[in-house]
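Visitor: Please take me through this model one question at a time.

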Amino acid sequence: MPEPDATPISPPRKVSELVVEHLTDLVERGEWPVGSRIPAEPELVRRLGVGRNTVREAVRALEHAGILEPRRGDGTYVRAASGLDAAIGRRARTSDALQVLDVRSVLERGAARIAASRRDDGALAALRGALAAQEEAARGGDEQAFRAADVAFHSELVRSAGNDLLAELYEGIDHVLVRTLATDAHGRHHRDVPGHREVVEAVAAGDVDAAERAVETTMAAVRTHLVDRSAGEDA
């Protein structure tokens, strides 16, 4: 009688691998948001109940993956919300800004069409709230608040499509273009970008074509802004 095939036994996993998974989960769940500083090494050792070397190995692995970023004399910060986000961000940073804008335009136009077709009340309320925050920041003349509100509006538009993968793909592009290239050489944000209120109205009306056109209007203005910015730097 033939002997049954033995079931392969997986080798025990390293503690550092489990710590990497745990830390990654904290980032992906938003408990450690992008831009935040993670707890210092002694605090992580205490919280996780593992050795100092294990914590260092796990943190270095996430730094190598592009999720964490060490800043000399200031600790370690969250650089990307996931490994996919980090990979997209690395690739986008090596691309021409206008190429990145093309990709962002495709994602936003598609998201706007889906959002208009869904007409989800919760997503629409969040989108209206993001628009109101941006308009309030513009009226108040707070450049930093306006830039943050602009980033939040575009991200909220993509999230309103209700597709987590689409939102994650967009975030990798967004970190490079919206957060890094949205200001000109004098630090002024392009406050005159049109299309935001129009896209909200189109989503609310369920008009997929109008939603896409509104995004195209915004992207055209951003493209002009980038071209003018580049021309100014070359002059």
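Guide: Two strands count as paired if DSSP finds at least two bridges between them. Strands (E, at least two residues) and helices (H or I, at least four) are DSSP runs numbered from the N terminus. This is a predicted model, in which local features need pLDDT of at least 70 and side-chain atom pairs count only at pLDDT 80 or more, while totals for chains, interfaces and linings use all residues. Residues are numbered from 1 along each chain as its sequence is written, and side-chain values use heavy atoms, with hydrogens and water left out.

Visitor: How many bridges join β1 to β2?
Guide: Strand β1 spans residues 68–71 and strand β2 spans residues 75–78. R71 is paired with G75, and L68 with V78.

Visitor: In the hairpin of β1 and β2, which residue takes a positive phi?
Guide: The hairpin has 3 residues between its strands. The phi in question is near 80°, and the residue that takes it is G73.

Visitor: In what order do the elements of the protein chain run?
Guide: The protein chain holds 10 helices and 2 strands. Read from the N terminus on, the order is α-α-α-β-β-α-α-α-α-α-α-α.

Visitor: Are α2 and α3 roughly parallel or roughly perpendicular to each other?
Guide: Axes are lines fitted to C-alpha atoms, for helices over the stretch in contact, and angles run from 0 to 180 degrees between N-to-C directions. Those of α2 (residues 41–48) and α3 (residues 52–64) come within 9 Å and cross at roughly 110°. Angles under 35 degrees count as roughly parallel, over 145 as roughly antiparallel, 65 to 115 as roughly perpendicular and the rest as oblique. The relation of α2 to α3 is therefore roughly perpendicular.

Visitor: How many charged residues are in the contact of α2 with α3?
Guide: With contact meaning heavy atoms within 4.5 Å, E41, P42, L44, V45 and L48 in α2 meet R52, V55, R56 and V59 in α3. Ala, Val, Leu, Ile, Met, Phe, Trp, Tyr, Cys and Pro count as nonpolar, Asp, Glu, Lys and Arg as charged, and the others, Gly among them, as polar. This contact divides into 6 nonpolar, no polar and, for charged residues, 3.

Visitor: How does the contact of α5 with α7 divide by residue class?
Guide: The axes of α5 (residues 97–118) and α7 (residues 143–159) come within 8 Å and cross at roughly 55°, which makes the pair oblique. R104, E108, A111 and A112 in α5 meet H154, L157 and V158 in α7. The division is 4 nonpolar, 1 polar and 2 charged.

Visitor: How does the contact of α5 with α9 divide?
Guide: Helix α9 covers residues 196–205, and its axis is 6 Å from that of α5, at an angle of about 40°; the two are therefore oblique. A112, A115 and A116 in α5 meet V199, A202 and V203 in α9. The division is 6 nonpolar, no polar and no charged.

Visitor: Is L101 buried or exposed?
Guide: L101 lies in α5, and L101 and V222 are 8.3 Å apart in space, C-alpha to C-alpha, although 121 residues apart in sequence. Buried means under 20% relative accessible area, exposed over 50% and partly exposed in between (1.4 Å probe, protein chains only). At a relative accessible area of 1%, L101 is therefore buried.
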